[in-house]
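Here is a short note for a colleague who is opening this model for the first time. Please read the points alongside the sequence and the 3D view.

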Amino acid sequence: MMAALPLAALSLAALGLLAWRDPKRLRGRRRGALSWPATVRLALLAVALLPGLLSLRFGGAAATLIWAGAVSTGGWLIAETFSRR
Amino acid sequence: MIRLSATRHRELLAIHGWSGLLLGLLLYTVICTGAVAVFADEIGQWSRPAFAPATGGLTPGLDPLIQRLYAASDPALREEVDLDAAPGGLVYLRVEGHGPDGVEAGVEYQIEAGPSPRVLTRTAGTREDFEAARQQSALADFFVSLHVRLHLPKPWGILLTGLLGLAMMLAVLTGLVLHRHLLAEAFTIRRHGHALLRRRDAHVVAGSWSLPFALLLAFTGSFFSFAGSVGLPAMAMVVYAGDTERAFEDIFGVPPASDDRPAPLADFDHILSDARHRGGVAPERLRLRHAGRADARVRVFLPPAGGALRGRAFDYAGSSGAFLGETPVLVGRVPSTGNQLAALMEPLHFGHFGGLLSRAIWFSLGLACAWVVLSGLLLWTRRRAKQPLWRWMHRQILAVGCGLPLALISVPWGYFGARLLHWPAQTSQWALFGTSLLLAWLLCQRLPAARAAVLLRRACGLGLAGLPGLRLLAGGTSWPGALDQGEWLSIGIDLSLLLVAMACLWPGQPRPAIQPQPAVDRA
């Protein structure tokens, strides 16, 4: 079950990268040109979701719930953090 | 992305807003206390007068005491024996039966578990009397009872919290439909926009991230409220011609009475050891039915272990202690999908399946949901701030929003204060809870909103910062003492309280004031 934490950290790292160059967020700051291209965004989204599948396959339902809960809370904190930058 | 006509959008927005607004403050209270109640066991351990090693459930060593107390109880009121592991290394032993009037009554003993278990208190009466007498776990019980039934009498409190769960589900589902750009705006909070827009974005982003769990917590919470108070009695009316007791016995797989010959009680230590050996974890509850008869049956419940979401239950013969087999945890006598689904509700709602890790995550999810409710309420009233009634409502929401955390922080002050002054803990907790809420309300009526919010945040910081010291004054375990016994929980909680206190006392940047604006239509 503890494996859920590093898996959640991996997902949050991918979400952090997504948020950093998020097109809609950057457009609001008139820096839309810096945003990731769609293919990179899709790849990062896949990287963010993959640990969830891994935890479901190898860690069971409990590990997946912990992963999902940590990613939900972490994703919200990432969005709040980037809104202050 | 869900496309809506302007009319449908307005209708859904109205449902979303009003479903939250009508019961929003109570919902906020239930969610906040639910987040705290996730740590009920840890709070119980932290608030104990002297450090007692956490037993981690029901452990062997209790049998001689149980046999003695059972033998000393009223023979007319000892049909059932219940054992519950409680926060702080306590065990509740109940010996109950049905009196001449048919009402269940008996005796509850609060036992300090450990190598030499001893009785702390004895209470005779009904379940309500037992709950009122639980001074040792009064702090954790206060939060749990406020979350489960808002301290209202049964069944009204539990029905109300069930209704709140339904309102939350409605708000979540309408929010899902209203917020058409769920993924595209997952990170969008407009920093340079109008302050109202920024707060609207913050509400939507928090709601989007916590949406699946908000739905899950609302559904499971409603299930708990309505299953026992409405669902099962309704089924008993229809299927069992109103015989609730027989319905409950069938649904929960209680064995029917079949042999009333007198028989001794089985060895509880043997049963608890065997259950622990089979399940790999210490049991948390034990139920003995038809006590003192040949057909007595013991069911032992174990918490989830080894990465599982659900716990397990084992049946034993109540007179010999012989193992009879594994049984569904909740519903029926044979494994079923219904039982599996019902048994999932508890771990999904309480988040206790993965120890401290899952509890901490459920706590943060609870805080996120509370923030979504509060920010939604404030947003709704701010948008209508041109009208005096909404301005007044805005102040009331702010008073509860900022006052409730202060009131919750004052509860342990009441608990420890009561211990120092030898007052009843429940009364003292209520007195400080009510006084803090009243003070917060007065502040919010007298001062500008931003000023009141800052003052209340600092009061929360001061309240939290003083708790570790007050706990020590009231006879709690000191840090060196806890370290000597390898008990990290109290130190961890003390440090967490001090950290949050620092965050509350840290001077923050003043927020721009919001002037009344025309309604912002984007949702």
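1. Terms first. Two strands pair if DSSP finds at least two bridges between them. Helices (H or I, at least four residues) and strands (E, at least two) are DSSP runs, numbered from the N terminus.

2. Ground rules. This is a predicted model, in which local features need pLDDT of at least 70, side-chain atom pairs count only at pLDDT 80 or more, and totals for chains, interfaces and linings use all residues. Residues are numbered from 1 along each chain as its sequence is written, while chains are lettered from A and ligands numbered from 1 in the order in which they are written.

3. The sheet of chain B. Eight strands make an open, antiparallel sheet, in the order β4-β3-β2-β1-β5-β6-β7-β8 (chain B). The edges are β4 (118-125) and β8 (323-327) of chain B. Each has a single partner strand, so one side of each lacks a neighbour in the sheet. From one strand to the next, the twist averages 15°. Axes here are lines fitted to C-alpha atoms, for helices over the stretch in contact; angles run from 0 to 180 degrees between N-to-C directions.

4. A helix on the sheet. Helix α3 (residues 63-72) of chain B packs on the sheet and touches β1, β2 and β3 (104-112) of chain B. Its direction makes about 30° with that of β2(B). Contact means that the C-beta atoms of two residues, placed from the backbone, lie within 7 Å.

5. Strand β1 of chain B and its partners. Strand β1 (residues 80-86) of chain B runs antiparallel to strand β2 (residues 90-98) of chain B, joined by seven bridges. D84(B) stands opposite Y92(B) in β2(B). The two strands form a hairpin with three residues between them. In the turn, G88(B) has a positive phi of about 80°. Four bridges join β1(B) to strand β5 (residues 285-289) of chain B, again antiparallel. There, L83(B) has L286(B) as its bridge partner.

6. Strand β7 (residues 312-317) of chain B pairs with β8(B) over four bridges, in the antiparallel sense. D315(B) stands opposite G325(B) in β8(B).

7. Chain B overall. Chain B has 16 helices and eight strands. Its radius of gyration, taken over C-alpha atoms, is 25 Å. A compact globule of 523 residues would have a value near 24 Å, so the two agree. The globule rule is 2.2 Å times the number of residues to the power 0.38. Along the principal axes, the C-alpha atoms fill a box of roughly 80 × 55 × 45 Å. Buried residues make up 41% of chain B; a residue is buried if 20 or more other C-beta atoms, placed from the backbone, lie within 10 Å of its own.

8. Chain A. Chain A has three helices and zero strands, in the pattern α-α-α. Its C-alpha trace spans about 45 × 25 × 15 Å along the principal axes. Of its 85 residues, 39% are buried.

9. Where the chains meet. How many residues of chain B are in contact with chain A? There are 26, facing 21 residues of chain A. On the chain B side, α7 (195-239) and α11 (355-383) each supply at least two residues. The largest share, seven residues, comes from α11(B).

Terms used. A residue is buried if 20 or more other C-beta atoms lie within 10 Å of its own, exposed if 12 or fewer, and partly exposed in between; C-beta atoms are placed from the backbone.
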